[in-house]
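Subject: Structure handover

Hello,

Here is the structure you asked about, with notes on what was found in it. Please look through the model first and then read on.

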Amino acid sequence: MDSGARPNKSLDASTVTSWVRGRGVYVAFVVLVIFNLIVTPNFASVVTLSTLLITVSPIVLVSLGVALTIGTEGIDLSVGSVMALASAFLPLYLGYGWPVGLSVALLVGVLAGLVNGSLVAFVGVQPIIATLAMLVGGRGLAQIFAGGQSLPVTDPVILWLGQGRLFGLPAPVIVAAVAVLVVGFLVRRTTFGRYVVAIGGNRSASYLSGHPVRRTLLAVYVISGLLAALAGVVATARLGASDPSNIGLLIELSAITAVVVGGTPLSGGRVKVVGTVMGALLIQLISNTFIANDLPFTWAQVLTAAIILVAVYLQKGRGVV
Amino acid sequence: MSTGSADTEGLGGSPAWRERLFTTLQRRGAIVVLILVVAVSAVVFDNFLTEQNLENIVLQGAFLGLIVVGMTFVIISGGIDLSVGSMVGLGGILAALTVQVSWPLALILPPLVCGLIGFGNGLLIARAKMAPFIVTLAGLLGIRGLALALANEKPIGIGGSSPFDWFGQGQILGISVPVFFVIIAFAVGGLVLARTSYGRIIFAIGGSEESARLMGLPVDRTKVIAYTTSGALAGFAGALLAARLSAGDPNAGLAWELDAISAVVVGGTLLTGGAGTMSGSLAGVLLLSILQNLINQLGTLGSYAQQVVSGFFLIIVVVVQAYLSRKER
């Protein structure tokens, strides 16, 4: 943006500022890690690291879907309730074998995504309202189907998804990592990814250019629903029981925070996959830091709020790059 | 709106009276539905129209109603305020903490502090040009954290029957005090919105902020005032709720921002800003309140079904509105 004819010193300063602006989430993460290395006892241990990665996995999964919807200038507030729906349905059909139970749970997420997506793409309902209705109604449905109670999950394959390990890596982390790779590939290497960004940048222009706007929007919400259902399955497996009242409660806030702190603007037109993962890690690390140091957890919320404001304030000046 | 092709339709189309009917239905739909629901309920449920039940309905909606007044201004200006639910929690805690010192302070401090936070929200949105959704989302998280921290994560009881309790449990002219306040809030809010230049500026900003700015309207100041009002009303609602419950609960008002947004949207105010009425919002609050009351009366439906019905209801209303506003064009 600046013209090149500037004294060297000031050029350096502005380069540094813009570098920090673009990578604020990484800087904050590194600072927090260093802080923890000094202050938190036993921070640099495998257990601490794997706890962090396991607890962050469901947040990463839902954040990816939310990032896609925000990329189209939409939003998905219903991810937490979709997690609850998947959690409620998972034990109901596990009697027919784990493939059936798992498919049903994921299918429920796809259905929820279809409802959200149809309302947004075909009826023209604003995403915040369509998914707000799903947020309110979805958890109620989940509780009705679960009979208001928590059912145990005993299937070893499903339990492995939450508690198992492969080559020493916790299974939830593998699931999340695969999802990150797939979504990253979708966003960077496919036409679908280009459509998502184009719709978020300028929907009318995208429509006039002949992009399949409605189909893409529908797909985005379906993917978000599917990822949320997957997160619900992983969280349920980790607990060893369904818990439609608590699973995914308020996770939409963490997800939106992760996405925004990670550098995806709410105005759409860009999707930062790696940034989103870092954002999720950052907010999880904040709460872990507070817990590990016996600090009042509520202040973690206040700090998260401050970080959101600073992150967004820093990004604000960058405009469309 | 949905595909961008709408711009090319514009001229020609349905006759004027039909357009007017659709517009009226969209703007006044909530009131029509409200009257229908009341009429049907009065016939179906014997004890619906009893004084006690009506009082319950109105009281149930009173605290949310205060928030909705502020939210209506914010949404018509094209913004959103997600922090109000947390402000209810903070307001209640502030009231509970100060009531032992002096009861007038317990009434004044919550709206003052929450108004100040709202002022901060407004500055970040209007001056720093940050997205309202994000600023108030941070508010939602941070203010709830603050309320929980101040209260040590436990409700704080308000012992004794100081005059403070009267503001939640007493009556003026036969109506509950919180209801009295919400009536005043809606009346003043409605007047300001429809009859003052401030109200016109709110509409202008919601219609097109750029145009409003080019016309020389005080856009920034107007927005800051809207968010300040929204915060102050939410804090006041929190104080009244604490007086009603004889306790400040740091978790009070959880997810109320969603109820408030639903009420405003059901009331026919467009989330895109630039259009809406205070009477619609009032009808929206009453509708949500009645819906809950009916579900309670049916008894067979649990609280889970209540959520499903609320979500479904919201979607029906919004889909109908989307249909009507498309026809309108």
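Where in chain A is confidence lowest, and where is it highest? This is a predicted model, and in chain A the lowest confidence falls in helix H1 (residues 8-22), with a mean of 63, while the highest is in H11(A), at 96. Averaged over chain A, the pLDDT is 87, and 92% of the residues score at least 70. Residues 1-7 of chain A stay under 50 in pLDDT, and the model has two contacts beyond four places in sequence for them. Where pLDDT is low, the predicted coordinates should not be read in detail.

Next, the interface. Contacts between the chains involve 40 residues of chain A and 42 residues of chain B. On the chain A side, at least two residues each come from helix H5 (98-123), helix H6 (127-145), helix H10 (203-208), helix H12 (251-261) and helix H14 (298-316). By class, that side of chain A is made up of 27 nonpolar, 10 polar and three charged residues.

The largest nonpolar core has 198 residues, and A:Ile308 and B:Ile67 touch the most other members of it. Helix H11 (residues 213-239) of chain A gives the most to this core, namely 17 residues. Leaving out residues up to four places away in sequence, A:Ile308 touches A:Thr257, A:Val260 and A:Val261, and also B:Ile134, B:Leu137 and B:Ala138.

On annotation: the unreviewed UniProt entry marks residues 24-43, 49-70, 128-146, 166-187, 218-241, 247-266, 273-291 and 297-314 of chain A as "transmembrane region". Two of these spans were checked against the model. Residues 49-70 of chain A are 100% helix and 0% strand, with the end C-alpha atoms 29 Å apart. Residues 273-291 of chain A are likewise 100% helix and 0% strand, and their end C-alpha atoms lie 27 Å apart.

Finally, one residue of chain B. B:Ala212 sits in helix H10 (residues 209-214) of chain B. Apart from residues up to four places away in sequence, B:Ala212 touches B:Ile201, B:Ala204, B:Ile205, B:Leu217 and B:Val219. B:Ile202 is 10 residues from B:Ala212 along the chain, and their C-alpha atoms are separated by 9.3 Å.

Regards

Notes. Residues are numbered from 1 along each chain as its sequence is written. Chains are lettered from A and ligands numbered from 1 in the order in which they are written. This is a predicted model: local features need pLDDT of at least 70, side-chain atom pairs count only at pLDDT 80 or more; totals for chains, interfaces and linings use all residues. Two residues are in contact if their C-beta atoms, placed from the backbone, lie within 7 Å. Helices (H or I, at least four residues) and strands (E, at least two) are DSSP runs, numbered from the N terminus. Ala, Val, Leu, Ile, Met, Phe, Trp, Tyr, Cys and Pro count as nonpolar, Asp, Glu, Lys and Arg as charged, and the others, Gly among them, as polar. UniProt positions are given in the numbering used here, feature names are shortened, and annotations may be inferred rather than shown by experiment. A nonpolar core is a set of buried Ala, Val, Leu, Ile, Met, Phe, Trp, Tyr and Cys residues joined through C-beta atoms within 7 Å. A residue is buried if 20 or more other C-beta atoms lie within 10 Å of its own, exposed if 12 or fewer, and partly exposed in between; C-beta atoms are placed from the backbone. pLDDT is the predictor's confidence in each residue, from 0 to 100.
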